[in-house]
Amino acid sequence: MLHTTLAAPAAELAAARVLTGKFVQRRYLRGLDRPLISSGDFILAREYGILWRTAAPFPSEFVLSTSGMTSA
Amino acid sequence: MRDGASATRLSSAERPALRAALEMFFALFALDVTRLGDSFKLYGGEQGEHWQVGLRPRDGGLAQVFEQAVIGGARTVERIELSSAGVTGPRSSSRTRKRARRRSMRAKRPAFASERTPATGGRSAAAGCGGRRVLGWVQPRLRVETDLLDLLPRHSSDQRIEAAVDTFSERLARKVLFLVGAADPSVASAAARAFATSLSQSRAFDSVRERIGQDLQSSVALYLQHRANLLSHQDQETLQKRPDGLYRSAMLALYTPAGLMRPIDISRDPLGLGTDYLLDQVPALGNAHLQGSQLVVRRDTTTFVLVIAETAGSPFAGEVQDRAETAIRIATQAAHAATRTTRSLSCSRERSSMRPWRRASHAAKWRCSAPLEPSSCWC
């Protein structure tokens, strides 16, 4: 049942070599009442990896590829 | 590692868990249910056109990093929530709106807006006049010795060091590495699991591990007890050259997925000093990489799974060797029985390469030939 529901969006995503989108990340930490919120956009390229570009609260880039991880 | 300026870099060759993390990210974002099902138990439901899928790690190693993940959407994925282990409630959620289209990757490197001035280092201010006067009188009689071991009686310090080295060497000498291989990765995985289970049930080996991360939390707990005295070489350099680099890395860990790559959660290790020291202790693994929670090496057409064990007793004792030989033979048979295949299955073992130099001349060449039917095994 679940697989049937997911078949259509999974097929659409499987056909794409590059996915792009916007994100809002909420990070919940022990001892903090409110989450730490960041936002930006991401690019996922199958042959290369993931580029995660944070725009707020400060600009940064996170790259996770087959060769390793870089954040700056 | 931190370069002390602006970036944190980790190589997949040194940290095979990164490759596994990348595969998991791809599977999550591409909604690759088949691949996700290998590592996670899936559950979920739908309401109207909206659906939600929850994922819980199948094995303990992954569960120590991710507690669960939730993917939600309608026509496409709209929301991904990742919950790291160790804290109640959701920790990290990423709400995404995605569109699939071809696009070139443009790497624009923005400047980092540092929100903190570098900490002032150096020595504290000079003592007052009274203090200097006292020092001037006392100093000629002071004997400064920075090597604390030199303050101990000579024979006493030697004995302690000898005892520590002996303990360390004995522990290393007891380690035995097994490689269980087969052409089919799933067969190698199942065979390694059966092999390790059989070994652990024998009395010949104290500790048997075939999955990475089985004892991660106990290792973390051990290091955290002594965290005030532990600092990686990279962090030492960063503190000396650019102390605000630690602050920058901490901010990146909080606001990007980089924090998910840390074995110690941020609330316990906000600056990542414990994580860096812990990763420093893990040797580079070369061609080895994680397959699920198993460490594997591929050579030609064969996939080998690493199994690490420690002999129950000194490996230089004949009685221990005899017990070990029997246990290995039974474990190899168990591996064949578990896979129920006539395909070639091989196992090999190597003593720890960190054999204590002191006992090198006494080290036994521990090799045997044990042909098995229907397939061959060399060890």
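**Close-up views of a predicted model**

**View 1. A:Phe23, A:Phe42 and A:Trp52 make up one aromatic cluster.** The model shown here is predicted. Within this cluster, A:Phe23 and A:Trp52 form a stacked aromatic pair, with 4.0 Å from centre to centre and 25° between the planes. A:Phe23 belongs to strand S1 (residues 18–27) of chain A and A:Trp52 to strand S3 (residues 49–56) of chain A, so the pair ties together parts that are 29 residues apart in sequence. A:Phe23 and A:Trp52 are both buried. Over all chains, a search of the whole structure finds six aromatic pairs.

**View 2. The largest nonpolar core contains 38 residues.** The residues with the most contacts inside this core are A:Leu64, B:Leu28 and B:Ile71. Helix H1 (residues 16–29) of chain B supplies the largest share of the core, nine residues.

**View 3. The surroundings of B:Leu28, one of the residues with the most contacts inside the largest nonpolar core.** Residues up to four places away in sequence are not counted here. With these set aside, B:Leu28 touches B:Leu36, B:Leu55, B:Ala69, B:Ile71, B:Ile80 and B:Leu82. Among them is B:Ile71, which is also listed with A:Leu64 and B:Leu28 as having the most contacts inside the core.

**View 4. B:Ala334 in helix H11 (residues 318–339) of chain B.** Leaving aside neighbours within four places in sequence, B:Ala334 is in contact with B:Ala194 and B:Ser198. B:Ala334 and B:Ser198 are 136 residues apart in sequence, and their C-alpha atoms are 6.8 Å apart in space. The relative accessible area of B:Ala334 is 25%, so this residue counts as partly exposed; buried would require a value under 20%.

**View 5. Chain B, with 11 helices and 12 strands.** Of the 379 residues in chain B, 42% are buried. Contacts in chain B between residues at least 6 apart in sequence include 58% that join residues at least 24 apart. The accessible surface of chain B is about 21700 Å², and carbon and sulfur atoms account for 52% of that surface.

Definitions and conventions:
Residues are numbered from 1 along each chain as its sequence is written. Chains are lettered from A and ligands numbered from 1 in the order in which they are written. This is a predicted model: local features need pLDDT of at least 70, side-chain atom pairs count only at pLDDT 80 or more; totals for chains, interfaces and linings use all residues. Side-chain values use heavy atoms; hydrogens and water are left out. A nonpolar core is a set of buried Ala, Val, Leu, Ile, Met, Phe, Trp, Tyr and Cys residues joined through side-chain atoms within 4.5 Å. Buried means under 20% relative accessible area, exposed over 50%, partly exposed in between (1.4 Å probe, protein chains only). Helices (H or I, at least four residues) and strands (E, at least two) are DSSP runs, numbered from the N terminus. Contact means heavy atoms within 4.5 Å. Accessible areas come from the Shrake-Rupley method with a 1.4 Å probe; for residues, only the protein chains shown count as cover. Rings of Phe, Tyr and Trp (its six-membered ring) pair if their centres lie within 6.5 Å; planes under 30 degrees apart count as stacked, over 60 as edge-to-face and the rest as tilted.
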